[in-house]
Amino acid sequence: MAVEASRSIPESMRAIVLHGPDDWSMETIKTPEVDEVENVLCRVEAASICGTDPKIFGADVDGWPPEYPFIPGHEWSGEVVAVHDSVDRIDVGDRVFSETHSGCGYCEMCRKGRYNLCHNYGDFDTGHRQIGHTMDGSFAEYVTVPADTLYHFDDDLSWGEGALLDVNAIALQCSVRGNIQPGDDVAVIGTGTVGLLCLQHAVAMGAGQVIGIGSPSRNELAEELGADHTISYKDDDVVEQVLELTDGTGVDVTLEAAGSETGYQQAVWMTRKGGTISLDGIPKTNLLEIPIADLVKEEIDFRGARAHANKAEPSAQMVANGQTDVDSLITHTFDFEDFEDAFETFKERKDGAIKVVCEF
């Protein structure tokens with residue numbers, strides 16, 4: 001049984017449907033209905049394109065998507081229009097945004113609150129879901145999701161800002177895993193979406209100085225968002241510049257948000273003895289050359305950061321109170337019917353595209 005909103009829910013909707021690698025189209029399909037697991041139906045108001053989406057469209061990551069046809073999309077905000085009668089935390093009419101992971105709830109990692117590392121990842125029989133990765137996502141007018149993935153956000157924030165609250169939570173996971181302490185010198189490698197958010201978190205966490213390393217055009221925005229210094233990733237002496245800014249000792253914390261072999265190597269060399277490196281970037285190749293001996297001899301913590309767990313509400317609060325600016329990252333807005341142009345703009349980084357948002 002489901003409780004529906006006063007507005008009528010159409011029997012059909014428009015959605016981006018994948019039929020194979022890079023084989024997709026906008027189609028009219030049946031509007032999904034709630035069940036005991038995907039127990040909330042939302043009308044999508046805004047959906048942003050993530051750097052992972054082109055990989056999902058091209059089936060570049062094993063298991064994403066698990067089968068065809070498939071609806072991608074996982075950064076979104078919207079209005080609740082129907083709920084299963086088992087749901088009592090979410091009401092019809094609520095403004096919500098969504099994280100992607102919904103763990104099985106009973107494996108060791110879920111019991112520890114680290115449901116982003118659920119041992120039953122991808123096993124639908126256990127109840128595990130990841131929106132837009134293993135289950136249909138938000139590049140559609142309506143989406144059904146597990147209630148535990150949904151969170152309320154401030155009425156003063158736009159739908160577009162709401163769509164970026166989950167990626168802000170992902171960046172926050174990387175920042176928290178970096179164990180930033182007040183007064184720490186922090187380097188952020190990569191001034192794309194996650195890197196630009198991480199450097200803002202470093203400022204909010206009381207970093208002594210924040211150094212952004214990325215493309216010159218993105219570095220300009222990094223400085224506007226709080227970076228004390230920026231360095232072009234194209235420079236041959238990136239590590240040397242960081243050491244010069246830190247009196248030769250290196251930074252206390254490096255947040256890696258580029259996912260490149262060079263970035264990982266530089267992270268080790270620019271981090272001081274006893275420092276911490278937190279890694280959000282996922283490289284195209286699994287086996288890389290990393291200076292492991294340096295990590296061991298200098299007792300540098302090397303920590304992965306996958307998506308996030310329990311960072312959605314802090315993310316929303318940091319944006320609501322002005323500690324993190326996500327609106328400045330939205331460079332392009334399209335109508336959902338123009339999704340092809342939006343996707344091309346994002347993939348080709350046209351006109352300095354950072355975050356591209358589709359509005360419904």
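Trainee: Where is Gln173 placed?
Mentor: Gln173 sits in helix H4. Keep in mind that this is a predicted model.

Trainee: Is Gln173 buried or exposed?
Mentor: Gln173 is buried, because its relative accessible area is 9% and the cut-off for buried is under 20%.

Trainee: What does Gln173 touch, leaving out residues up to four places away in sequence?
Mentor: Gln173 contacts Asn116, Ala305, Arg306, Ala307, His308, Ala309 and Lys311.

Trainee: And how far is Gln173 from Gly214 in space?
Mentor: The C-alpha atoms of Gln173 and Gly214 are 20 Å apart, with a sequence separation of 41 residues.

Trainee: Ala307 was in that contact list. Which loop holds Ala307?
Mentor: The loop between strand S16 (301–304) and H10. Ala307 has a positive phi of about 45°, although it is not a glycine.

Trainee: Buried or exposed, Ala307?
Mentor: Ala307 counts as buried, at 15% relative accessibility.

Trainee: Which other non-glycine has a positive phi?
Mentor: Asn179 is one, with phi of about 60°. Asn179 is in the loop between H4 and S11. With a relative accessible area of 43%, Asn179 is partly exposed.

Trainee: Switching to the core. Which residues in the largest nonpolar core touch the most other members?
Mentor: Leu164, Val186, Leu196, Leu199, Leu255 and Leu329, out of 45 residues in that core. Elements giving two or more residues to this core include helix H4 (165–177), strand S11 (185–189), helix H5 (193–204) and strand S14 (251–256).

Trainee: Which element gives the most to this core?
Mentor: H5, with 6 residues.

Trainee: What about a second core, what does it include?
Mentor: The second core is separate and has 34 residues, among them Leu18, Val83, Val96 and Phe343.

Trainee: Back to Leu255. What does Leu255 touch?
Mentor: Not counting residues up to four places away in sequence, Leu255 touches Cys174, Ser175, Gly178, Ile180, Val186, Ala187, Val188, Ile189, Cys198 and Ser278.

Trainee: Where does Ser278 lie?
Mentor: Ser278 is in strand S15 (residues 271–279). At 0% relative accessibility, Ser278 counts as buried. Leaving out residues up to four places away in sequence, Ser278 touches Cys174, Arg177, Gly178, Thr254, Leu255, Glu256, Arg303 and Ala305.

Trainee: Next, helix H8. How many of its residues are buried?
Mentor: In H8 (residues 261–270), 7 of its 10 residues are buried, so the helix is mostly covered. The buried ones are Gly263, Tyr264, Gln265, Gln266, Ala267, Val268 and Met270.

Trainee: What about Ala258, where does it lie?
Mentor: Ala258 is in the loop between S14 and H8. Ala258 counts as partly exposed, at 44% relative accessibility. Not counting residues up to four places away in sequence, Ala258 touches Ile189, Gly190 and Gly281.

Trainee: How far apart are Ala258 and Lys284?
Mentor: Their C-alpha atoms are separated by 11 Å, and the two residues are 26 apart along the chain.

Trainee: Moving to the strands. In what sense do S2 and S3 pair?
Mentor: Antiparallel, over 8 bridges, between S2 (residues 12–20) and S3 (residues 23–30). Gly20 has Asp23 in S3 as its bridge partner. S2 and S3 form a hairpin with 2 residues between them. In the turn, Asp22 has a positive phi of about 55°.

Trainee: Which peptide bonds are cis?
Mentor: Trp64 to Pro65 is cis, with omega near -5°. Tyr68 to Pro69 is also cis, again with omega near -5°. Pro65 lies in the loop between helix H1 (53–57) and strand S5 (75–84), and Pro69 is found in the loop between H1 and S5.

Trainee: What is the lining made of, by class?
Mentor: The lining has 11 nonpolar, 5 polar and 6 charged residues. Strand S9 (residues 142–145) gives the most to the lining, with 3 residues.

Conventions: Residues numbered from 1 in each chain as written. Predicted model: local features only at pLDDT ≥ 70, side-chain atom pairs only at ≥ 80, totals over all residues. Heavy atoms only, no water. Helix = DSSP H or I, 4+ residues; strand = E, 2+ residues; numbered from the N terminus. Nonpolar A, V, L, I, M, F, W, Y, C, P; charged D, E, K, R; others polar. Core = buried A, V, L, I, M, F, W, Y, C linked by side-chain atoms within 4.5 Å. Buried < 20%, exposed > 50% of the residue type's maximum accessible area, 1.4 Å probe, protein only. Contact = heavy atoms within 4.5 Å. Pairing = 2+ DSSP bridges.
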